[in-house]
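Me: Can you walk me through a few side-chain contacts in this model? Keep it short.

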Amino acid sequence: MTSPVGLTVVGLCTILLTVGILIRGKVNPIVPMTLVPIAAALLTGHGFGDVGDFFGEGLESVMNVVVMFIFAIIFFGILQDVGLFTPIITWLMRLTKGNVVAVTTGTAAIGVVAHLDGSGSTTFLLTIPALLPLYKEIGISRYVLITIVALAASVMNMVPWGGPLGRAGAVVAEDPNQIWVKLLPIQAAAVILVLIAAALLGMREQRKLRARVAVNAGGAGVRDDAAANPEAGSGVDVDRLATEFAARQKEERDKAAYTYRRGRGVVVLNAILVLVVLATLLSGLLPPAPTFLIATTLALLINFPDAFSQAESLRRHAPNALSMAGVILAAAMFLGVLNGTGMLEAIALQLVNVLPDALGPYLHIIIGFFGVPLDLLTSTDAYYFSVLPIVQQTAGAFGVSGMGAACALIIGNVVGTFVSPFSPALWLALGLAEGANMGTYLKKAVPVSYTHLRAHETPEHL
């Protein structure tokens, strides 16, 4: 079956079946992204020798991404282990002084810092247990906390060691770092928008707190000093909460029995190393893969005194690193088969034939606009490994570069990373927020994520 129509049918069935299996979530993404394309290749008359060639071609395009992911995750994991970011988070907590708007805005800043390692689970583990007592004492909704942290983490997911850029880079055969450089102005603007959105959510919560105090004081028409106080909740002992957070982080490190060097000099060296890594990535002095390989080796030498403690550190973070690397390697099979058999090209040609000429050059922008609902309907893996290849091939026929297609789909999708029920990290966040409900969270978070600045609605406080 080698006709263009036949290849189109098999290609679409391959993509839809892979997406369907990913949506069900019954197996690891590696399984459908490996077995389904192999079956499709055999169905179109190719042998196992061809499959090996297709995989080899796909592997060439993703290997640098795989190496970058492995060492970036280990590098930032080491810095989390030794508590490099804990003083920054406690300083930001103290800076809020319990003011409602300052708390929500500070939460966004904390989320940005906490997500420097690119791991959603780590971000939620660091922020929600630390900030939930503060939100409870002031009376701010736990859903506001989750939404702000999720927005901050989603925007920070634009870093090259985050999932979206790694996936997109593997698909369009571009260095994730180059995609990041293109997206940096957008990311900077998005961080500012997250801070603004957090401030607006804080103002909304402050109005609700005033109204609640007024009702408790004797009716809708009665206002007391607390209700009129624009810094309602400022009596919270933020210093105590920040101290407890720092102590809890230290206790967890001690309980885990990490053997690592301590002292101000080590902290300074770690901070300098992070700055050098970021400067190297931004300047393009080295590609991301060797940058993080070198940074990881230096972090091991700086923080761990012997070979055993260094090996233990690598073992702690190997599961996270290899999990993402495995998905990217499976993508080499999926994309290699779709490209090698000509299925992807056939699908794109058929779409080009039916698309109006005026619409073709903007296909990537149209699909990117629906990035959040598409992530909700599919999954992050399906979005980048199934939707992006078709968009890239189709828009490419109208002169759109792979980089342009990738950037459009990333911008449209990334703010929805942690509003999707297909994100395991989000379920962790809901559990950490003491039984928050997924349905209620989606109802509140999706509009905020989709507009990135929704503050006019005031649903009932939970």
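The chat below covers one histidine and then some salt bridges.

Reply: Some ground rules. This is a predicted model, where local features need pLDDT of at least 70, side-chain atom pairs count only at pLDDT 80 or more, and totals for chains, interfaces and linings use all residues. Residues are numbered from 1 along each chain as its sequence is written, and side-chain values use heavy atoms, with hydrogens and water left out.

Me: Fine. Where is histidine 317 found?

Reply: Histidine 317 sits in helix H14, residues 307-340. Helices here are DSSP runs of H or I, at least four residues, numbered from the N terminus.

Me: Is histidine 317 buried or exposed?

Reply: Buried, because its relative accessible area is 11%. The cut-offs are under 20% for buried, over 50% for exposed, and partly exposed in between, with a 1.4 Å probe and protein chains only.

Me: What does the side chain of histidine 317 reach?

Reply: The backbone oxygen of glycine 77, at 3.3 Å. The side chain of histidine 317 also makes a polar contact of 2.7 Å with that of aspartate 81. A polar contact is a pair of N or O atoms within 3.5 Å; within protein, one must be able to donate a hydrogen and the other to accept it, and residues adjacent in sequence count only if both atoms are side-chain atoms.

Me: Which residues is histidine 317 in contact with, leaving aside neighbours within four places in sequence?

Reply: Ile73, Ile74, Gly77, Ile78 and Asp81. Contact means heavy atoms within 4.5 Å.

Me: New topic. How many salt bridges does the count come to?

Reply: Four, taking a side-chain nitrogen of Lys or Arg within 4 Å of a carboxyl oxygen of Asp or Glu. One of them joins glutamate 205 and lysine 208, at 2.9 Å from N to O. Both lie in helix H9 (residues 176-216), three residues apart.

Me: Are glutamate 205 and lysine 208 buried or exposed?

Reply: Glutamate 205 is buried, and lysine 208 is too.

Me: What about glutamate 244 and arginine 240?

Reply: Their side chains form a salt bridge at 3.0 Å, N to O. They are about one helical turn apart because four residues separate them in helix H11 (residues 238-255). Glutamate 244 is partly exposed at 36% relative accessible area. Arginine 240 is partly exposed at 33%.

Me: Back to H14. Which residue forms a salt bridge with glutamate 312?

Reply: Arginine 315, with the closest N and O atoms 2.5 Å apart. Glutamate 312 and arginine 315 are three residues apart in helix H14, so about one helical turn separates them. Glutamate 312 is partly exposed, with a relative accessible area of 29%.

Definitions and conventions
Helix = DSSP H or I, 4+ residues; strand = E, 2+ residues; numbered from the N terminus.
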